[in-house]
Amino acid sequence: ILLQCAFTSFLLSVFCNSFPQNTTTDNILKLKEIVYTLSADSMIGRSAGGEGEIIARTFLLKFFQETGLSPFEGTYFQEFTFPKDSSHLDTAYNVYGYIDNKSDSTIVVGAHYDHIGFGGPKSRSLANNKVHNGADDNASGVAMMLLLAENFSKSEIQKYNFLFIAFSAHEDGLFGSFAFVKGKKHALSNVKLMINMDMVGRLDTIEPFLKVIRKDSNVYFDSLLSKIDHQKFRLLFTDNNISHTDASVFAKQNIPTLSFTTGMHDDYHKVSDDPEKINYDGMCEISNYIISLLVELNRP
């Protein structure tokens, strides 16, 4: 039985039907379709700079364009180089989708779309020469980001602009988020919040919790986050491991950040991180929770 995961009636009434009334089933099927697509064997593990990244970023571009999102500063891509290993540089691409509400302020929503390809030294599997599909890490975060993008592209909420970024080369050392911050310093002063989603597909059915990683200086968000309906899971606030997230790169620029995750599991960086193990009902619950947060932040 699908968990109840529809948008709450008070949000719809407050914002005068500013959101499309997607059904729970629609949202879950959308999340499932994206995760299965990005974690298919044909994506070859989405290694940054590899053939799988090309296939994945083509999918992301098509999604942003068909959803009606615009390029950011004239482009959907940001090309950058990064050290693939000690002997050579490689080229990867961040992918943008922008909702320009003609505001002076922007909220960034990000998730890394790369994974570890055939594993190599980053694999925790004994047979590390097989495709590592990375369903939870991080097809789940990208799917959630794309669902948010789709919903906000159809909304009438205009207090902030929204910039959705699919980062690459996260697994190689957060190089995608570093490239954005380094290359877009002129735009950072307009960023009021960065929300990051990384491994959000394993909400436990027995002891469900959503971990919220933020700096101690951002604890003022805790009260608001606690007030938003989250009956299906508990919230755990922490500043641990923020340095492992793409949000940390923004935090170093004194930009408020919130990074969401359902936590580590035994399939992390293994060939067994497959889409059939994802809790899609739980992903839908978390998606609507983050949408509710963004709606609250966009109140006049």
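Which residues does Phe164 touch, not counting residues up to four places away in sequence?

1. Phe164 touches Phe64, Leu69, Val95, Tyr96, Gly97, Ile99, Val109, Met145, Leu148 and Ala149, where contact means heavy atoms within 4.5 Å. The model is predicted, so local features need pLDDT of at least 70 and side-chain atom pairs count only at pLDDT 80 or more, while totals for chains, interfaces and linings use all residues. Residues are numbered from 1 along each chain as its sequence is written, and side-chain values use heavy atoms, with hydrogens and water left out.

2. Phe164 is also one of the residues with the most contacts inside the largest nonpolar core, which has 62 residues. Such a core is a set of buried Ala, Val, Leu, Ile, Met, Phe, Trp, Tyr and Cys residues joined through side-chain atoms within 4.5 Å; buried means under 20% relative accessible area, with a 1.4 Å probe and protein chains only. Another core, of 18 residues, lies apart from it and includes Phe180 and Val249.

3. Helices H2 (residues 24-38) and H3 (residues 51-67) have axes that come within 10 Å and cross at roughly 150°. H2 is therefore roughly antiparallel to H3, a term for angles over 145 degrees. Axes are lines fitted to C-alpha atoms over the stretch in contact, and angles run from 0 to 180 degrees between N-to-C directions. Helices are DSSP runs of H or I with at least four residues, and strands are runs of E with at least two, numbered from the N terminus.

4. Lys30, Ile34, Thr37 and Leu38 of H2 meet Ala56, Phe59 and Phe63 of H3.

5. Strand S1 (residues 77-83) is joined to strand S2 (residues 89-99) by seven bridges, and the two run antiparallel.

Key. Buried means under 20% relative accessible area, exposed over 50%, partly exposed in between (1.4 Å probe, protein chains only). Angles under 35 degrees count as roughly parallel, over 145 as roughly antiparallel, 65 to 115 as roughly perpendicular and the rest as oblique. Two strands pair if DSSP finds at least two bridges between them.
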